Amino acid sequence: MSYESGRRGNQTAAHSDLTDRASTWAANRSTLSGIRWTTERSCGFYSPDLVVMGAFSGSDMLARYGLPDYDRRVWVFESKVSRTDFVRHFGRVAKDKSRCTPLGDFHWVVMPGTMEVPENEMPEWWGILRASGGGLRETRTPKYTERTAEQRNEIAAAILWARDTYERDQDRARQIAKHRRSNAKWNIQVLAFNVLHDLAIT
């Protein structure tokens, strides 16, 4: 899902594409109440590429991430398009160590599918999402770093008051909603075809 109008001056098209994929990935795994997010917004001690408030949908998701309930939690995403980009914040030679302290409940590095990264250079609570087809594939599951209600409220306030990115995020939300409706329509068509096919051979 392209989002050219929302790209910051210091971001490449590849970087923006990874962040867009992350927002779609998050929306597709949230409850029907949806998600709230902002991009490149200070949320304490750094500004993640994407920060989301949302709740995972389905008991399988709760089991995967070790969660006891469907409460909303903070999901943090960092897009890295190259090894050079990665080592700015991760690894022994990182100049900026801010990503070595948990900011949210869950954290993912979003990267190209073929990018090689030694996993021991990342804190254990960071997961990995790799570009795959038109979406993302989780190749490393993040560890749950539970935040307090106060910490979550601080993130929620940052999202609420992100007026400089409000219109951009609203436009992205409309694009995601359209994408999800399109997928739902396609799934119904596939289901109908399968039913008719089964009737034809019985």
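Guide: The model is predicted, and the protein chain averages a pLDDT of 83, with 79% of the residues scoring at least 70. Over residues 1-7 the pLDDT is below 50, although this stretch has 21 contacts in the model beyond near neighbours in sequence. Where pLDDT is low, the predicted coordinates should not be read in detail.

Side chains of opposite charge can pair when their charged atoms come close. With a cut-off of 4 Å between a side-chain nitrogen of Lys or Arg and a carboxyl oxygen of Asp or Glu, the count comes to 11 salt bridges.

Take the pair within a helix to begin with. Arg-21 and Asp-17 form a salt bridge, and their closest N and O atoms are 2.9 Å apart. Both residues belong to helix 1, which covers residues 13-28; because they are 4 residues apart there, about one helical turn separates them. Arg-21 is buried, since its relative accessible area is 15% and the limit for that class is under 20%. Asp-17, at 25% relative accessibility, counts as partly exposed.

Another pair joins Arg-73 to Asp-69, with 2.9 Å between the closest N and O atoms. Arg-73 has a relative accessible area of 3% and is therefore buried. Asp-69 is partly exposed, at 26% relative accessibility.

The next pair involves a loop. Glu-119 and Arg-140 meet through their side chains in a salt bridge, at 3.5 Å from N to O. Glu-119 lies in the loop between strand 4 and strand 5, whereas Arg-140 is in strand 6 (residues 135-140), so this pair ties together parts that are 21 residues apart in sequence. Glu-119 is partly exposed, with a relative accessible area of 40%, and Arg-140 is buried, with 12%.

Beyond these pairs, there is a network: Glu-78, Lys-80, Asp-85, Arg-88 and Arg-99 are joined by salt bridges that share partners.

One further residue of the loop deserves a remark. Glu-116 also lies between strand 4 (106-111) and strand 5 (126-132). What is the accessibility of Glu-116? Glu-116 has a relative accessible area of 70% and is therefore exposed. The C-alpha atoms of Glu-116 and Ser-82 are separated by 8.9 Å, and the two residues are 34 residues apart along the chain.

Technical notes:
Residues are numbered from 1 along each chain as its sequence is written. This is a predicted model: local features need pLDDT of at least 70, side-chain atom pairs count only at pLDDT 80 or more; totals for chains, interfaces and linings use all residues. Side-chain values use heavy atoms; hydrogens and water are left out. pLDDT is the predictor's confidence in each residue, from 0 to 100. Contact means heavy atoms within 4.5 Å. Helices (H or I, at least four residues) and strands (E, at least two) are DSSP runs, numbered from the N terminus. Buried means under 20% relative accessible area, exposed over 50%, partly exposed in between (1.4 Å probe, protein chains only).
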